[in-house]
Amino acid sequence: MAGSKFAYVRNFELPDPLLPETFMVLRIDGHAFHRLSEEHCFAKPNDERALQLMDHAARDVMNEYKDIMLAFGESDEYSFLFRKSTTVYNRRESKILSTITSLFTSSYVFNWPKYIPDAPLKYCPSFDGRIVLYPSTNVVRDYFSWRQADTHINNLYNTVFWSLVLKGGQTTTEAHATLRGTVSSTKHEILFSRFGINYNELPARLRKGSVMVRTEIPDDHEKDRAEVPIDPSPSDSAVERNAKPRKAEKKRKARVSTTVELLHCDIIGEEFWTARPNLLVD
């Protein structure tokens with residue numbers, strides 16, 4: 001950047017590097033999505049088209065930023081876990097936060113017609129974001145367990161609530177009153193006894209949220225190939241005998257490509273993490 005007498009104003013910019021060697025989680029939340037869902041007539045309690053659109057935007061983010069190892073989405077939010085050693089944008093908080101939130105938002109708007117073609121956007125949706133640093137793998141796992149537990153709690157409540165309103169004929173005020181103070185087992189009983197709904201048989205996407213995992217795929221072109229042996233000529237043998245011994249060549253590290261896999265599974269228990277140890281190590 002060319003210098004000028006005005007360049008001193010850069011001295012007012014504050015550096016904002018994030019603490020190194022910590023796990024970075026960036027969470028994106030829809031801004032005023034209650035209004036967005038009402039204005040565009042989203043299905044209640046869940047509009048799977050809107051959830052698929054969120055998944056698409058999250059996949060675009062992960063395809064662009066390879067240091068994101070895991071993402072979890074529910075409703076109008078998505079959380080992204082970066083590799084612990086990431087140096088993306090020199091770990092500058094404002095750069096990371098603004099760029100990824102912007103990319104997610106633009107993907108959401110750009111792909112809206114593919115998922116919700118019958119409801120053109122009436123105004124621009126927006127998302128806010130925050131970055132939180134976590135010191136250990138245990139805390140990271142607890143974070144994602146918290147988000148999935150929240151998914152279950154919110155979806156169970158909303159499923160019962162909208163069943164009372166749309167199928168039971170209650171007003172929203174009456175439905176809130178009916179559910180006030182109820183525990184999980186009571187909500188399950190209301191769903192089954194009054195509406196014939198077994199909550200545990202609802203789609204896993206709704207009960208467990210969306211889990212996006214970066215999976216490694218070894219490149220087939222880099223696998224060792226068997227060489228055809230060639231009988232050395234006398235002159236070749238002589239050269240070999242007189243040649244100085246070479247240092248052992250280092251084995252070429254296999255190139256690894258990755259893909260982003262979408263799952264709807266439990267991430268609170270051990271099985272998910274045990275099967276994917278690469279998510280929390282460099």
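Biologist: Where is Pro45 found?
Modeller: This is a predicted model, to be clear. Pro45 sits in the loop between helix H1 (33-39) and helix H2 (48-64).

Biologist: And what kind of peptide bond joins Lys44 and Pro45?
Modeller: A cis one. Its omega is about 0°.

Biologist: New topic. What is the phi of Tyr89?
Modeller: Positive, about 50°, although Tyr89 is not a glycine. Tyr89 belongs to the loop between strand S3 (77-82) and helix H3 (93-115).

Biologist: What about the phi of Arg91?
Modeller: Arg91 also isn't a glycine, and its phi is positive, near 60°. Arg91 lies in the loop between S3 and H3.

Biologist: Is Arg91 buried or exposed?
Modeller: Buried. Its relative accessibility is 6%, and the cut-off for buried is under 20%. Tyr89 is partly exposed, with a relative accessible area of 30%.

Biologist: Let's switch to strands. How many residues of strand S1 are buried?
Modeller: 8 of the 9, counting residues 23-31. So S1 is largely enclosed by the rest of the structure.

Biologist: Which way do S1 and strand S4 pair?
Modeller: Antiparallel, over 9 bridges. S4 covers residues 126-134. Within S4, Arg130 is the bridge partner of Arg27.

Biologist: And how many bridges link S1 and S3?
Modeller: 5, and that pairing is antiparallel.

Biologist: Which residue in S3 is the bridge partner of Ile28?
Modeller: Tyr78.

Biologist: Where do side chains point in a regular strand?
Modeller: They alternate between the two faces of the sheet.

Definitions and conventions
Residues numbered from 1 in each chain as written. Predicted model: local features only at pLDDT ≥ 70, side-chain atom pairs only at ≥ 80, totals over all residues. Heavy atoms only, no water. Helix = DSSP H or I, 4+ residues; strand = E, 2+ residues; numbered from the N terminus. Buried < 20%, exposed > 50% of the residue type's maximum accessible area, 1.4 Å probe, protein only. Pairing = 2+ DSSP bridges.
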